[in-house]
Amino acid sequence: MTEVVRSACPLNCPDSCAFLVEKTQQGLRVYGDRENPITRGFICAKGRALAERVFSRDRLRFPQLRAGTSWKRISWEEAYKLLAGEIRRTVEETGPWGIFHHFDYGHNGVLRALDRRFFQALGGVTEPRGSMCWGAGYRAQEIDFGAVRSSLWQDLVRAGLIILWGRDPAVTSIHLQPLLRAARRQGAKLIVINPVRVRSADFADAYFRVNPGTDGALALGLAHIVLDRGWLDQDFVKAHVKGFSAFAVRVKDFPPAKVSALTGMSVEDMRFLAESMGREKPVSFLLGYGLQRYTNGGNTVRAVDALAALTGNVGRPGAGVHFAHAYHKRNLNSLFLPPGDWQSRAFPHALLAQSLKQADPPVRLALVTRSNPLVQQPDSLLWREVWQGIRFKVVLDTVMTETAKQSDLVLPVTTVFEEEDLIATSWSPFLQYAGKVLEPQGEAKAEPLLFTELAQRLGLGRYFPFSAAKWLEYVLEPLAQQGVTLGRLKEGPLRAPYIPEVAWGDYLFATPSGKIELFSELARKESGDPMANFTGERPDVPGGDGSGLEGETREFPFYLLTPHPAAGIHSQFMEGKGLRVFIHPSLAGRFKLSPGDMVLVSTARGQLQAPVAVSEAIHPSCVVIPEGVTAGGLGVNQLIGGRVSDLGESTSYYEERCTVRATIRA
Ligand SMILES: Nc1nc2c(c(=O)[nH]1)N[C@H]1C(S)=C(S)[C@@H](COP(=O)(O)OP(=O)(O)OC[C@H]3O[C@@H](n4cnc5c(=O)[nH]c(N)nc54)[C@H](O)[C@@H]3O)O[C@H]1N2
Ligand SMILES: Nc1nc2c(c(=O)[nH]1)N[C@H]1C(S)=C(S)[C@@H](COP(=O)(O)OP(=O)(O)OC[C@H]3O[C@@H](n4cnc5c(=O)[nH]c(N)nc54)[C@H](O)[C@@H]3O)O[C@H]1N2
Ligand code: SF4
Ligand SMILES: [Mo]
């Protein structure tokens, strides 16, 4: 009888599927485990691709050292000796800040955090801070509510209105779709707000096109109408909101006509939206990260939070602003060393390449885990230059990524199926055990073991006293009394006991005042004005054809949007998938582009060529190129400069502007 092993998807995806895995003659068979009531037994192509990757030809199986333009297989003993030697040498020359550790969320296993523990044991190295992903909205919600919490997805069936604001579950979280359909069957209305008529709009009640980066202004404009019409939830605001009067004054500056000019939405549509919020209560706002990938991204999410607060749509069943589910971190034991024991040097993600270039002490040794910065960070061309200037570069991965190709030592790590781990993400309320299904391919090594063995060679073994299983027990220790143990998790996914069905249902907001803070001292500290995040305006809203725009915007009049790819997850599983440029027919007409023609897209940073696709779905002022895919090792991030967001030091990928030109006729 074949053995079925419980596992879970380690990818950086909101759904966090429960897996069942079987070893077969042909390889691994992965399918969905019905025990997880969110993912309910179906998985996506990326989950299946993970299983194929285990045996795939591109899989890294042995440590490899650069030998000129090719690679030489070396033993783990040689690899450790070399790496330990480089670490010692760098620490002697510059101190530990001469070492740069780049990491992200390429794998959501909790034991993956042992990489950071290793560098903390060295005293703290150079590392990224802020975020490539959700940082602006995350910080906004910390300021407004005191923490980032969402109601369970299942609660959506109690909503009267669901707004998909800058989010496209058809691409980025497919398991949300059955719930949205169920909510609609129970009478909820579904509205999509997005510059692109995304796939989710196909089953929505209404779709509203908004100019990129103007959602903050839109939220303030809607708040204006809500106040004007007397749709304010006075009892809620009185009891739970701080700073309402200051906010109401700010909102006066956003009358419908002005907001319409900024957002491109008609006054009529705005009235309809505001009215729907008043009529179809409770309202659930499902925020994507797209609307906060701008320099005003924190501003934007604060304005949406405020709109939810004014209308009393927080803490109630079927209501709330869904952004993330950041409960686990505070409730599980951390693998990090105590903060006082180490001191890292950190640069914001968005400015990493520039910062590394100028760093003093300089970076001599770089080590990359669970990320592919040469493709995924902005400023790819500068990254390459800076990367080449670093003396010794090491990548830990399962496949030869672009970053790995440009490095000196590549170390093969195990996939989720070749070791045990616990999957706990900031998106899912579930804790899930991922068991070991098979022995590692070739000499691939599990990271907990890798960092333990490396630490031992540097005399730091005392920081790594445990096996993987023991680490997992340690992580889960605080939950033992509530019955969450490794043993229990091996029997199936568990909803973490600290996660309520309805976020903020107790109205105990974790802010200094205990209320939702529209007026916030924290915001004052971070941006000089407690209301600074409600300026709402964008000085450079694209005019559609570039007319009337000044300076850089005239040369580069269009917004370059680079949403996540449907076929893969960032650069993973995107090998061989070509770059495509999506534009609106009006733009195609103006630049004499037909579908399939090669188009040259240029920004202040660089240019790329790719075939064009023409679609009514695209905003006429936008050029859309999904991220993750590369040609010659470079993807769309060669066009994008690093810009830090107003809050949370997030990377404002969608702030870049571009222009297009036809090149070769197909
Ligand atoms: N298939 C797949 N799924 C994924 C991922 C993947 O790479 N592939 N990545 C995962 C990760 S790490 C993340 S962070 C999530 C992200 O998931 P989402 O937040 O759903 O997706 P993004 O692609 O970040 O956001 C882009 C969306 O925002 C819209 N948008 C852009 N600008 C604006 C704007 O100014 N206003 C509004 N209202 N909308 C705007 C875009 O058109 C697009 O629909 O997805 C996760 N899931
Ligand atoms: N232009 C543009 N750029 C973007 C975005 C955008 O919307 N537009 N989105 C941004 C967002 S939201 C995010 S989250 C980032 C994601 O940025 P990255 O995390 O750098 O993206 P991935 O391509 O998923 O790279 C993850 C790598 O980790 C490897 N990996 C998997 N498992 C393990 C493991 O166990 N150990 C180790 N060491 N490695 C492992 C994978 O093979 C893969 O190569 O990209 C950002 N970049
Ligand atoms: S990528 Fe997301 S939807 Fe696909 S299998 Fe993994 S968790 Fe499930
Ligand atoms: Mo992300």
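This is a predicted model: local features need pLDDT of at least 70, side-chain atom pairs count only at pLDDT 80 or more; totals for chains, interfaces and linings use all residues.

Tutor: Happy to: what follows starts with the ligand surroundings and then moves along the chain.

A word on reading the model: residues are numbered from 1 along each chain as its sequence is written, and chains are lettered from A and ligands numbered from 1 in the order in which they are written.

Let's begin with ligand 2, which has 32 residues around it (a residue is near if one of its heavy atoms lies within 4 Å). Asn-372, Asp-397, Glu-447, Ser-571 and Gln-572 come nearest. By class, this shell holds 9 nonpolar, 15 polar and 8 charged residues (Ala, Val, Leu, Ile, Met, Phe, Trp, Tyr, Cys and Pro are nonpolar, Asp, Glu, Lys and Arg charged, and the others, Gly among them, polar).

Several polar contacts can be traced here (pairs of N or O atoms within 3.5 Å; within protein, one must be able to donate a hydrogen and the other to accept it, and residues adjacent in sequence count only if both atoms are side-chain atoms). The side chain of Arg-112 places an N or O atom 2.8 Å from an oxygen atom of ligand 2. From the backbone of Ser-371, a polar atom is 3.4 Å from an oxygen atom of ligand 2. Tyr-653 has a polar side-chain atom 3.2 Å from a nitrogen atom of the ligand. Ligand 2 taken alone exposes 920 Å², and the protein buries 98% of that (accessible areas come from the Shrake-Rupley method with a 1.4 Å probe; for residues, only the protein chains shown count as cover).

Most residues other than glycine have a negative phi. Arg-370 counts as buried because its relative accessible area is 13% (buried is under 20%, exposed over 50%, partly exposed in between, with a 1.4 Å probe and protein chains only). Strand E15 spans residues 365–369, and the loop between helix H14 (352–358) and E15 holds Pro-361. The peptide bond from Asp-360 to Pro-361 is cis, with omega near 0 degrees. Most peptide bonds are trans.

Turning to Ser-645, you will find it in the loop between strand E26 (622–624) and strand E27 (657–662). Ser-645 is classed as buried because its relative accessible area is 8%. Its side chain reaches the backbone oxygen of Leu-647 at 2.7 Å, and a polar atom of that side chain lies 2.8 Å from the backbone nitrogen of Ser-650.

Now for ligand 1, which 34 residues surround, the closest being Thr-172, Asn-194, Asp-215, Tyr-289 and Arg-293. Its shell divides into 19 nonpolar, 10 polar and 5 charged residues. Polar backbone atoms face nitrogen atoms of ligand 1 at 3.1 Å from Val-171, 3.2 Å from Ile-193 and 2.8 Å from Gly-568. On its own ligand 1 has 910 Å² of accessible area, of which the protein covers 97%.

Around it are Cys-9, Leu-11, Cys-13, Asp-15, Ser-16, Cys-17, Phe-19, Ile-43, Cys-44, Lys-46, Gly-47 and His-175. Sorted by class, that shell has 7 nonpolar, 3 polar and 2 charged residues. An unreviewed UniProt entry lists residues 2–58 as "domain: 4Fe-4S Mo/W bis-MGD-type" (UniProt positions are given in the numbering used here, feature names are shortened, and annotations may be inferred rather than shown by experiment).

Finally, look at Arg-40, in the loop between strand E3 (28–32) and helix H1 (45–55). Arg-40 has a positive phi of about 40 degrees although it is not a glycine. With 42% relative accessibility, Arg-40 is partly exposed, whereas Arg-370 is buried.

Notes
Side-chain values use heavy atoms; hydrogens and water are left out. Helices (H or I, at least four residues) and strands (E, at least two) are DSSP runs, numbered from the N terminus.
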